[in-house]
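Q: Please give a close account of a single part of the structure shown below, setting out the geometry and surroundings of the side chains concerned.
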Amino acid sequence: MYRIIITLISIFLLFNSAWGLAAEVDSSNPYSMVEQVARNTFSRLTSEREQIKQDPLLINQVVEQELIPYLDYRFAALKILGKYYRQYPLDKINQYTEVFKTYSASVFANALHYYQDQAVEFEPAREFNNQKQTTVRLNINQGSNSINLAFVVRKDTKTEQWRVYDVVAEGISMLSSLQSQFEPILRKEGIEAVMKTMRNTKD
């Protein structure tokens with residue numbers, strides 16, 4: 001699972017510094033959204049590199065400010081919960097969702113430390129009008145090897161904004177991996193045990 005997430009984070013950093021200052025993200029277009037988030041993240045890490053060396057926890061701020069707003073963590077959290085959703089009151093679901101958000105941010109922040117220079121090539125954008133979900137595909141070139149990656153994004157019907165809720169690396173879904181990890185805990189011990197596991201996960 002972490003190899004997939006590390007690959008995901010790498011994508012957000014695989015852009016030339018000539019892009020310069022961070023650009024405002026257009027979440028109405030799933031393809032430009034992914035690229036603009038990449039620009040902004042790279043710009044932050046470049047401009048704050050020395051501060052991050054002094055205080056590695058600053059990476060958490062970059063993740064929270066540049067990545068998390070464009071991840072549909074609530075939708076992903078509920079997908080992981082699946083059929084067990086009906087067993088818990090709304091306040092417990094909301095608590096679980098916030099724990100999952102913090103968990104996701106922690107995993108992404110840890111993954112940033114594994115970043116290595118790679119080349120990336122986005123596949124051409126496809127028509128997405130009148131669709132609620134689409135996939136942004138790209139290839140990562142690592143010497144003689146190539147990794148196929150796909151961001152699965154969905155549109156919020158209320159805000160009309162697109163956000164990422166899953167990433168698939170070489171056919172392996174991050175969301176499916178998390179579902180497989182937490183389903184036995186949900187079945188045997190319940191949502192409190194899942195939250196405890198997420199809180200205790202550091203890498």
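Which residues form one aromatic cluster?

A: The cluster consists of Tyr31, Phe128 and Trp162. The model is a predicted one, in which local features need pLDDT of at least 70 and side-chain atom pairs count only at pLDDT 80 or more, while totals for chains, interfaces and linings use all residues. Residues are numbered from 1 along each chain as its sequence is written, and side-chain values use heavy atoms, with hydrogens and water left out.

The structure contains 5 aromatic pairs (Phe, Tyr or six-membered Trp rings with centres within 6.5 Å; stacked under 30 degrees between planes, edge-to-face over 60, otherwise tilted). One of them joins tyrosine 31 to phenylalanine 128 in a tilted arrangement, with 6.2 Å from centre to centre and 45° between the planes. Tyrosine 31 belongs to helix H2, residues 30-47, whereas phenylalanine 128 sits in the loop between strand E1 (119-122) and strand E2 (133-142), so this pair ties together parts that are 97 residues apart in sequence. Helices (H or I, at least four residues) and strands (E, at least two) are DSSP runs numbered from the N terminus.

The class buried stands for under 20% relative accessible area, against over 50% for exposed and partly exposed in between (1.4 Å probe, protein chains only).

Phenylalanine 128 also pairs with tryptophan 162, and here the arrangement is edge-to-face, with 5.7 Å centre to centre and 85° between the planes. This pair, too, links distant parts of the chain: phenylalanine 128 comes from the loop between E1 and E2, and tryptophan 162 from strand E4 (residues 162-169), 34 residues apart. Tryptophan 162 is buried as well, with a relative accessible area of 1%.

Taken together, phenylalanine 128 takes part in the tilted pair with tyrosine 31 and in the edge-to-face pair with tryptophan 162. The cluster of Tyr31, Phe128 and Trp162 thus draws on helix H2 and the loop between E1 and E2, together with strand E4.
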